[in-house]
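I opened my notebook to get to know a new structure. Here is what I looked up, step by step.

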Amino acid sequence: MVVIGCLFLVILPIVGLALGGWLGGPSGARWGAGIGLGAALIVCGLSGYALARVARRR
């Protein structure tokens, strides 16, 4: 689960950059990459929290 969160840290900003550049030009590319990075950080944080919670139960 943590691996998925770490992969999202690379994949989502690149996808956001590409989509933002395609839809809004250079300004949209920056916004898309920022939004993609924010979403990836949230997913990574949630997966890390879930891993820590499972580790405490054992």
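My entries begin with the whole protein and then turn to single residues.

**Entry 1: the overall picture**

I noted before anything else that this is a predicted model. I then asked how many helices and strands the secondary structure comes to. I found 1 helix and 0 strands. The radius of gyration is 14 Å, well over the 10 Å that the globule rule gives for 58 residues, so the protein is more spread out than a compact globule. I also looked up the span of the C-alpha trace, and along the principal axes it comes to about 50 × 15 × 10 Å.

**Entry 2: surface and contacts**

What share of the 58 residues counts as buried? I read off 17%. The protein exposes about 4,400 Å², and I saw that carbon and sulfur atoms supply 77% of that area. For contacts, I took residues at least 6 apart in sequence, and 60% of those contacts join residues at least 24 apart.

**Entry 3: a nonpolar patch**

Next I looked for nonpolar residues grouped on the surface. I found a patch formed by Val-3, Leu-7, Val-10, Ile-11, Ile-14, Val-15, Leu-19, Trp-22 and Leu-23. Together these residues have about 960 Å² of accessible area. I placed one of them, Val-10, in helix H1, which covers residues 2-57.

**Entry 4: Leu-12**

I found Leu-12 in helix H1 too.

Ser-47 lies in helix H1. With a relative accessible area of 5%, Ser-47 is buried, because buried means under 20%. I followed the side chain of Ser-47 and saw that it reaches the backbone oxygen of Cys-44 at 2.9 Å.

I then turned to Ile-4, which lies in helix H1 as well. Ile-4 has a relative accessible area of 48% and is partly exposed. How many residues apart in sequence are Ile-4 and Ser-47? I counted 43, while in space their C-alpha atoms are 8.2 Å apart.

**Entry 5: Ile-35 and Gly-38**

Ile-35 has 56% relative accessibility and counts as exposed, because exposed means over 50%. Gly-38, at 31% relative accessibility, counts as partly exposed.

Ile-35 is 32 residues from Val-3 along the chain, and their C-alpha atoms are separated by 20 Å. Gly-38 and Val-3 are 35 residues apart in sequence and 17 Å apart in space, C-alpha to C-alpha.

**Entry 6: what I take away**

The protein has 1 helix and 0 strands, and 17% of its residues count as buried. Ser-47 is a buried residue that I looked up, and Ile-35 is an exposed one.

Definitions and conventions
Residues are numbered from 1 along each chain as its sequence is written. This is a predicted model: local features need pLDDT of at least 70, side-chain atom pairs count only at pLDDT 80 or more; totals for chains, interfaces and linings use all residues. Side-chain values use heavy atoms; hydrogens and water are left out. Patches are made of residues with over 30% relative accessible area and no salt bridge: like charges are joined within 9 Å, nonpolar side chains (Val, Leu, Ile, Met, Phe, Trp, Tyr) within 5 Å. Accessible areas come from the Shrake-Rupley method with a 1.4 Å probe; for residues, only the protein chains shown count as cover. A salt bridge is a side-chain nitrogen of Lys or Arg within 4 Å of a carboxyl oxygen of Asp or Glu. Helices (H or I, at least four residues) and strands (E, at least two) are DSSP runs, numbered from the N terminus. Buried means under 20% relative accessible area, exposed over 50%, partly exposed in between (1.4 Å probe, protein chains only). A polar contact is a pair of N or O atoms within 3.5 Å; within protein, one must be able to donate a hydrogen and the other to accept it, and residues adjacent in sequence count only if both atoms are side-chain atoms. The radius of gyration is taken over C-alpha atoms; the globule rule is 2.2 Å times the number of residues to the power 0.38. Contact means heavy atoms within 4.5 Å.
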